Amino acid sequence: MTESVHLSNAGSGVEHAAPDATVTVKIGAEHTDGQYELFEIDAPRGDAAPPHSESWSKAFYVLQGRILVQAGDQGYDLGPGSSISIPAGTLNTFSVLTPSAKFLTVSQSGRMGAFFAELAAADPTDYAALGEVSARHGVSLA
C-alpha cells in the first residue's frame, strides 16, 4: 500500500491544461492507493467540452462562480457551496455561466489524473489522437 499523508497547500499541485479548464491535481492517486483523487478546476466561460461519460464516478463542489452541469437528460445550475455526484457511465459536461468558475472534483479511482496528464500532452487539433487518449482511459465521447 502506497497511501500516505499528503499536504497540498494553496497554489501547489501539478497543473494540466485541458481544452476547457486548468486542472490542478491536489491529491493524486499515488497518495490514496488509487482509491480517489481530488482536483481543483479553474474554468473560464467558453465552449463546453463535448458530452462524454467516464468509467469512474465523480463529484463536483463549486467554490466560486456558477456552472451548469448536464448529467444525463437533466441540467443542474450550481453556485458556491453546491455539489453534485455523477455516477460512472453517465453522459455529462459543464458550462461556466459566470466569467469564470472554480470548483473541486473528486474522482473515484486513479484514472482521471492519468487521463488529464495524457490529454494535456496531446495535440489539441489532432481529433483522432484525442479520441485515442479518451478511449485508452475509459472516456467515451457522445
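**Close-up 1. What lines the largest pocket.** The lining splits into 21 nonpolar residues, five polar and four charged (Ala, Val, Leu, Ile, Met, Phe, Trp, Tyr, Cys and Pro count as nonpolar, Asp, Glu, Lys and Arg as charged, and the others, Gly among them, as polar). This is a predicted model, so local features need pLDDT of at least 70 and side-chain atom pairs 80 or more, while totals for chains, interfaces and linings use all residues. Numbering runs from 1 along each chain as its sequence is written, and side-chain values use heavy atoms, with hydrogens and water left out.

**Close-up 2. Around the pocket centre.** Of the 30 lining residues, Pro-19, Ala-49, His-52, Phe-115 and Leu-119 lie nearest the centre. The pocket holds about 570 Å³ of space. (A pocket is an open set of points on a 1 Å grid over the protein atoms alone where a 1.4 Å probe fits, with protein on both sides within 12 Å along at least five of seven lines; lining residues have an atom within 4 Å of a point.)

Close-up 3. Pairing takes at least two DSSP bridges, and strands are DSSP E runs of at least two residues. Phe-39 in β3 stands opposite Val-25 and also opposite Thr-105 in β10.

**Close-up 4. Contacts of Phe-94.** Setting aside neighbours within four places in sequence, Phe-94 touches Asp-20, Ala-43, Ala-48, Ala-49, Ile-67, Leu-68, Val-69 and Phe-103 (contact: heavy atoms within 4.5 Å).

Notes. Grid points are joined across faces, edges and corners, and a volume is the space filled by probe spheres set on the points. Helices (H or I, at least four residues) and strands (E, at least two) are DSSP runs, numbered from the N terminus.
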